[in-house]
Amino acid sequence: MNAPSPASPTLKVLPLGGLGEIGKNMTVVEYDGKIIVIDAGVRFPTAEQVGIDLVLPDFSYLKDRAQDIEAIVITHGHEDHLGALPFVIKQLGGARNAPKIYGRPLTMAMGRSKLEEHRLREVQLTDTPLSKEIKLGKFSIELIHCTHSIPDACNVAVTCDAGTLLFTGDYKFDQTPVDGPPADFLRLARFGKEGLLMLLGDSTNVDRPGWSPSESLVGPALYDVFAKQRGRIIVTSFASNLHRVQQVIDAAADLNRKVCLLGRSMKKNTNIAKALGILNIPDGLLVQPRELENLPDHRVVVMSTGSQGEPLAALRRMAFRDHPQIRIHEGDTVVFSATPIPGNERAVNETIDKLYQAGAHVVTHKDAPIHASGHGYAEEMKMMLNLTKPKYVMPLHGDHHRLQLHKKLAVSVGVPEKHVFCAENGLPVEIDQRGARFGKPVPSGVMYVDGSDIGETADAALRDRRSLSEDGLFVVVATIGDDDGKSVAEAELLFRGVPFKHDEKFLQAVREQVDASVERAAADKIHDLDEIQRILHDDIAQLVWTKIKRRPVVMPVVVAV
Ligand SMILES: [Zn+2]
Ligand SMILES: [Zn+2]
């Protein structure tokens with residue numbers, strides 16, 4: 001056998017989320033034992049995941065590797081790129097062990113606010129300039145300006161001895177953006193000239209031919225729709241789409257209407273953007289919900305969260321007559337300045353229908369051009385490929401169908417088919433002098449955030465009601481010894497309205513889990529009954545979900561005898 005030659009290290013690109021789905025984007029770049037993480041996003045639960053607050057990528061690959069991580073770079077402030085940051089930091093051992101976080105100022109401000117909610121104040125978030133190479137051990141990174149549906153979005157280049165990777169992040173090529181310059185075409189073209197090892201590109205709108213419309217077309221369209229209304233206007237969009245918030249504010253101001261912001265994320269993002277000078281809001285324009293009673297309907301615009309039919313968002317609660325401050329009435333017009341993300345269509349349609357039932361009229365992008373996507377269409381993606389001329393391509397940010405379409409598109413502009421890697425979450429691509437190939441898969445999947453960690457109490461009550469109505473109630477009674485905390489009788493299981501077939505094997509698995517959880521608590525010397533009940537709740541909820549894909553309200557009762 002030949003002695004191994006002193007080859008240079010293998011560059012590993014490992015997506016942990018965002019492939020085969022829209023959401024929870026996260027990719028690991030690893031070279032010579034060191035790591036850069038690009039994005040740390042969440043996915044919102046689907047209608048079937050009642051009782052779940054957030055879905056996270058499985059980032060157990062990073063466990064115990066805090067010291068190897070040179071940086072976490074966040075491309076922009078959307079939840080599917082930023083939302084998992086607090087959970088990643090906790091996994092890495094908390095604020096003190098946290099690697100440095102890099103990104104543009106708005107992104108960092110949103111990250112800071114998110115980390116503060118989780119009491120992770122010591123983490124260092126670095127406002128990072130554009131077009132400047134930043135050395136990070138064996139790597140260097142560079143942030144490049146691009147356009148998307150939130151200010152301060154960027155492409156991220158990661159360079160090491162093996163070459164340069166370019167993460168597009170989410171982007172469109174808006175030639176007439178409402179704020180700042182268009183994408184940095186010149187810089188992108190320089191990658192093409194100097195040689196780019198791999199492009200990791202957004203696949204969201206690969207199925208749409210042509211070019212996406214510019215955000216600057218939306219403002220006039222919104223104005224036209226608003227100008228026709230005599231009653232209240234309730235407009236909904238993504239809370240993070242600050243361009244849209246600005247355009248709604250401008251139209252409202254021009255038409256002499258006051259604006260009331262509804263929804264926690266809407267208020268939070270607006271405050272952050274105001275502080276950074278990104279939003280321009282005339283004095284006295286914003287009003288509180290209680291002030292609406294004193295204003296005639298034709299002087300009111302309500303801007304609300306809930307454009308995706310999210311169960312807990314303000315608009316959905318209005319539609320279901322469940323909002324504490326605003327009741328929909330005859331004459332209201334609800335303007336959807338957003339389109340449903342794939343997977344949310346049903347919830348959005350249901351919300352719209354309920355709004356009609358409550359007496360409102362609804363305007364969507366089908367009636368007027370009041371929305372422009374933040375993701376480029378097929379021709380823009382071809383332009384990205386033609387400008388940067390990558391040797392290899394890895395489509396990101398899309399379901400499997402879109403990843404495959406992105407592959408076809410790359411091949412159509414001349415990238416050899418075997419140089420395009422349609423990966424999966426947990427499936428790395430390894431690159432060395434001999435070429436690129438898929439490596440060995442690592443554990444991947446999802447982690448759930450459920451319950452007390454986030455969300456407000458009112459949300460928790462609503463969630464419980466939904467869970468009860470859809471998946472019923474599951475009561476677990478464990479009897480433990482007063483002295484040693486060990487299980488002294490077989491667990492009793494009672495359930496009402498849990499839609500599953502009576503299956504003794506499943507029930508036995510639950511009983512065994514009860515015993516295992518109680519034993520673990522006893523071994524950990526946990527004697528507080530509330531605490532034991534909490535452990536039981538989490539373990540049983542997880543087991544029930546794994547076994548029957550249901551989220552009943554789990555009520556553990558621990559009796560000490
Ligand atoms: Zn995204
Ligand atoms: Zn985005």
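Modeller: A nonpolar core is a set of buried Ala, Val, Leu, Ile, Met, Phe, Trp, Tyr and Cys residues joined through C-beta atoms within 7 Å. Buried means that 20 or more other C-beta atoms, placed from the backbone, lie within 10 Å of a residue's own. This is a predicted model, where local features need pLDDT of at least 70, side-chain atom pairs count only at pLDDT 80 or more, and totals for chains, interfaces and linings use all residues. Residues are numbered from 1 along each chain as its sequence is written, while chains are lettered from A and ligands numbered from 1 in the order in which they are written.

Biologist: How many residues has the largest nonpolar core?

Modeller: It has 133 residues, and Ile-36, Met-198 and Met-303 have the most contacts inside it. Helix H6, residues 242-254, contributes the most, with six residues; helices are DSSP runs of H or I, at least four residues, numbered from the N terminus.

Biologist: Why does this core lie between domain 1 and domain 2?

Modeller: Both domain 1 (11-210 + 373-447) and domain 2 (215-363) give residues to the core, so it lies between them. The domain bounds come from an automatic or database domain assignment.

Biologist: Which other core lies apart from it?

Modeller: Another core has 17 residues, including Phe-474 and Val-510.

Biologist: And where is domain 3?

Modeller: Domain 3 covers residues 471-560.

Terms used:
Buried ≥ 20, exposed ≤ 12 C-beta atoms within 10 Å, placed from the backbone. Helix = DSSP H or I, 4+ residues; strand = E, 2+ residues; numbered from the N terminus.
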